[in-house]
Amino acid sequence: MNMPCMLDRAMQALYLLAVDPISETRGDFNSYGFRKERSTADAIEQAFVALSRKNSAEWVLEGDMKACFDHTS
């Protein structure tokens, strides 16, 4: 009875093998969420580098869009 679960996991692994190389080479270099070999520390370092430039922004905006698309018409 565990067969569907095993089949789903096998298909997910196959999709990952197919899509991961494309997304890693063509995706946004400064994206850190849910990516292999990228950590919170890497994102913080990138933010520090970007914000320490002479002409950088003076503030950072953070937002949470958790329920933004729950009710669309």
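Where is the place of Ser56? Ser56 lies in the segment after α2; helices are DSSP runs of H or I with at least four residues, strands are runs of E with at least two, and both are numbered from the N terminus.

Before continuing, please note that this is a predicted model, in which local features need pLDDT of at least 70 and side-chain atom pairs count only at pLDDT 80 or more, while totals for chains, interfaces and linings use all residues. Residues are numbered from 1 along each chain as its sequence is written, and side-chain values use heavy atoms, with hydrogens and water left out.

**Stop 1: Ser56**

The side chain of Ser56 reaches the backbone oxygen of Leu51 at 2.8 Å.

**Stop 2: Arg35**

Next, select Arg35, which is found in the loop between α1 and α2 (40-51). Arg35 is buried, with a relative accessible area of 14%; buried means under 20%, exposed over 50%, and partly exposed in between (1.4 Å probe, protein chains only). Its side chain reaches the backbone oxygen of Asp28 at 2.8 Å and the backbone oxygen of Ser31 at 3.0 Å.

Arg35 forms a salt bridge with Glu24, the closest N and O atoms being 2.9 Å apart. This pair links distant parts of the chain, with Arg35 in the loop between α1 and α2 and Glu24 in helix α1, eleven residues apart. Glu24 counts as partly exposed, at 31% relative accessibility.

**Stop 3**

How many salt bridges does the count come to? The count is two, where a salt bridge is a side-chain nitrogen of Lys or Arg within 4 Å of a carboxyl oxygen of Asp or Glu. Select Asp20 and Lys36, which form a salt bridge with their closest N and O atoms 3.3 Å apart. Here too the pair links distant parts of the chain: Asp20 is in helix α1 and Lys36 in the loop between α1 and α2, 16 residues apart. Asp20 counts as buried, at 18% relative accessibility, whereas Lys36 counts as exposed, at 52%.

**Stop 4**

Move to Glu37, placed in the loop between α1 and α2. Its phi is near 55°, a positive value in a residue other than glycine. Glu37 is exposed, because its relative accessible area is 82%.

Then select Arg38 with Phe29 and Tyr32. Arg38 lies over the face of Phe29, at 5.1 Å from the ring centre, and its charged end also sits over the ring of Tyr32, 5.1 Å from that centre. A charge sits over a ring if NZ of Lys or CZ of Arg is within 6 Å of the ring centre and within 35 degrees of the ring normal.

**Stop 5: the surface patch**

Finally, select Leu7, Met11, Leu14, Tyr15 and Leu17, which form a nonpolar patch on the surface with about 560 Å² of accessible area together. Patches are made of residues with over 30% relative accessible area and no salt bridge; like charges are joined within 9 Å and nonpolar side chains (Val, Leu, Ile, Met, Phe, Trp, Tyr) within 5 Å. Accessible areas come from the Shrake-Rupley method with a 1.4 Å probe, and for residues only the protein chains shown count as cover. Leu7 is found in helix α1 (residues 3-26) and is exposed, with a relative accessible area of 53%.

Technical notes:
A polar contact is a pair of N or O atoms within 3.5 Å; within protein, one must be able to donate a hydrogen and the other to accept it, and residues adjacent in sequence count only if both atoms are side-chain atoms.
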